[in-house]
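Student: I have not seen this structure before. Could we go through it by question and answer?

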Amino acid sequence: MGCLAYKMCCKLGKRSTTLNFDHLISSSMAIPLLLALLLLAVALAAVQAAPGLHPVVLVPGYGTNELDARLTELYQPSSPVCGARKGEGWFRLYLNYSALQDPANVPCFAEQMSSVYDPAADDYSNVAGVETRVPFFGSTQAFRYPDPDRKNFSYMSTFVERLEKTGYRDGETMFGAPYDFRYAVGPVGRPSRVGDAFFRALKSLVERASGLNGGRPVVIATHSFGGLLAHQFLIRQPLAWRRRFVGRFVPIAAPWGGLVRGMQTLVSGNNLGLPFVDPRALLRQGRSQQSSLWRLPSPAAFGAATPLVTTKSKNYSAGDVADYLVSIGLGEAVGPYESRVLPLFGGELPHPGVPVTTVVGVGVGTPERIVFPGDDFDATPSVVAGDGDGVVNLVSAVAVETSWSHRGGDFRMVKVSNMSHNALLVDDRALEIIIQEIQRAD
């Protein structure tokens, strides 16, 4: 509705009331009402100032957002130190940088971050007595700084700040979809309590973001592992829903075909980027997570014969992952890998049914082959590097390029030269490309 110079028409129910400023000026309520109307006009002008701004929902990468925990009476700590917070209520489990600097706290962190696969239930859950939650769902606050006490420990903050400079506002036009990154989902029909709950919340968030912005379709922008989750989310929604609510899918550095590094961390551990933590101290915790199996290389991307891990007498390709899991002492993971992971990633990935721009980094040395000097996995291996972004192998990053581009429709793949995995969300050159693709949704 347009603004008249001296009149505002307000429709209340079935009645229309005209407020005449000439009359208002003569009343004692003139100044407050004038101020309110001026503020309303400014707000309307601000909304109308960016007519092309589509709401954006951000899905971060693995280990990027906060996780809270609560220890109940069912928790049986391995040491008194680990049980010190039992019964005290919610606390920040991930990420507490200061607590993990104390070596005595690292085993407790690993224990409480672990998950358990129940073959009978065919699903994953927390260790008994450890309850977890993902705070700040719907807001980017959850992952701007996974440790709020150390605001320099984040790469998502730069991305969010750049979006804010473009005009996006948290909770209005920009929304965050954090998740429990230890979990994932299984094929349709298989239990995935935590993953399915995230998908339900994400669907509601997309609908709410669209509704708050005049029904405009949403841009779903993701980083790394978040791209795999968002892709699975999209292909499980009715096509009519996708076309109505999603204007563009922008996965950044998505490991469509897994990682050679995914095989390596199941042997060496993953210290989550914390230089003072021994990766092997978190090995058992990493092996227990459902999401760790999602990062294993897919034969569809890497081929079933190319050696990715070698020992003195044996080679392991992406087609030999089950044998590899047995060889490294993780045979219990073969069942869920074959029943919950291969059906999702063992073949060609379905097109998400919406316009797509996938942004990848190239030209950075990336582990392509892990070579152990003996027949065991105890010694430090040598690493043969190939192309990629330092984390995601090029063959994985481009695994969808041929099939999705041949399908027709709006598909773009942008390769950013000499750009590492996290630099894609920090470097000005990469951010300019990403923001442009986000704004491409029309």
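Student: Is phenylalanine 225 buried or exposed in this model?
Tutor: The model is predicted, and the values here are computed from it. A residue counts as buried when its relative accessible area is under 20%. Phenylalanine 225 has a relative accessibility of 2%, so the term for phenylalanine 225 is buried.

Student: Is tryptophan 294 buried or exposed?
Tutor: The cut-off for buried is again under 20%. Tryptophan 294 has a relative accessible area of 2%, so tryptophan 294 is buried.

Student: How many aromatic pairs are there, counting rings whose centres lie within 6.5 Å?
Tutor: Phenylalanine 225 and tryptophan 294 form an aromatic pair, with 5.6 Å from centre to centre. Counting by this rule gives a total of 21 aromatic pairs.

Student: What kind of pair do phenylalanine 225 and tryptophan 294 form?
Tutor: Planes under 30 degrees apart count as stacked, over 60 as edge-to-face, and the rest as tilted. The planes of phenylalanine 225 and tryptophan 294 are 55° apart, and the pair is tilted.

Student: How many residues apart are phenylalanine 225 and tryptophan 294 in the chain?
Tutor: Phenylalanine 225 belongs to helix H8 (residues 225–235) and tryptophan 294 to helix H12 (residues 290–294). The pair links distant parts of the chain, and the separation is 69 residues.

Student: What kind of pair do the rings of tryptophan 294 and phenylalanine 345 form?
Tutor: Their centres are 5.0 Å apart. Phenylalanine 345 is in helix H15 (residues 334–345), 51 residues from tryptophan 294, and at 8% relative accessibility phenylalanine 345 counts as buried. Since planes over 60 degrees apart count as edge-to-face and these planes are at 75°, the pair is edge-to-face.

Student: Which residue lies over the face of tyrosine 97?
Tutor: Two placements over a ring face can be described. Arginine 244 lies over the face of phenylalanine 245, at 4.4 Å from the ring centre. Over the face of tyrosine 97, at 3.8 Å from the ring centre, lies arginine 150.

Student: Which cysteine is joined to cysteine 82 by a disulfide?
Tutor: A search of the whole structure finds one disulfide. Its S to S distance is 2.2 Å, and the cut-off is 2.5 Å. The partner of cysteine 82 is cysteine 108.

Student: How many residues apart in sequence are the parts tied together by cysteine 82 and cysteine 108?
Tutor: Cysteine 82 lies in the loop between strand S4 (67–71) and strand S5 (91–94), whereas cysteine 108 lies in helix H4 (residues 106–113). Both cysteine 82 and cysteine 108 are buried. The parts that the pair ties together are apart in sequence by 26 residues.

Student: Which helix gives the largest share of the lining of the largest pocket?
Tutor: The largest pocket has a volume of about 640 Å³. It is lined by 26 residues, and the closest to its centre are Tyr62, Tyr155, Arg261, His421 and Asn422. The lining divides into 13 nonpolar, 11 polar and two charged residues. The largest share, three residues, comes from helix H10 (residues 260–268).

Student: Which element gives the largest share of the lining of the second largest pocket?
Tutor: The second largest pocket has a volume of about 450 Å³. Of its 20 lining residues, the closest to its centre are Ser114, Ser115, Arg284, Arg287 and Ser288. The elements that give two or more residues to this lining are H4, strand S6 (115–118) and helix H11 (283–288). The largest share, four residues, comes from H11.

Methods. Residues are numbered from 1 along each chain as its sequence is written. This is a predicted model: local features need pLDDT of at least 70, side-chain atom pairs count only at pLDDT 80 or more; totals for chains, interfaces and linings use all residues. Side-chain values use heavy atoms; hydrogens and water are left out. Buried means under 20% relative accessible area, exposed over 50%, partly exposed in between (1.4 Å probe, protein chains only). Rings of Phe, Tyr and Trp (its six-membered ring) pair if their centres lie within 6.5 Å; planes under 30 degrees apart count as stacked, over 60 as edge-to-face and the rest as tilted. A charge sits over a ring if NZ of Lys or CZ of Arg is within 6 Å of the ring centre and within 35 degrees of the ring normal. On a 1 Å grid over the protein atoms alone, a cavity is a set of points where a 1.4 Å probe fits but cannot get out, and a pocket is an open set with protein on both sides within 12 Å along at least five of seven lines; lining residues have an atom within 4 Å of a point. Grid points are joined across faces, edges and corners, and a volume is the space filled by probe spheres set on the points. Ala, Val, Leu, Ile, Met, Phe, Trp, Tyr, Cys and Pro count as nonpolar, Asp, Glu, Lys and Arg as charged, and the others, Gly among them, as polar.
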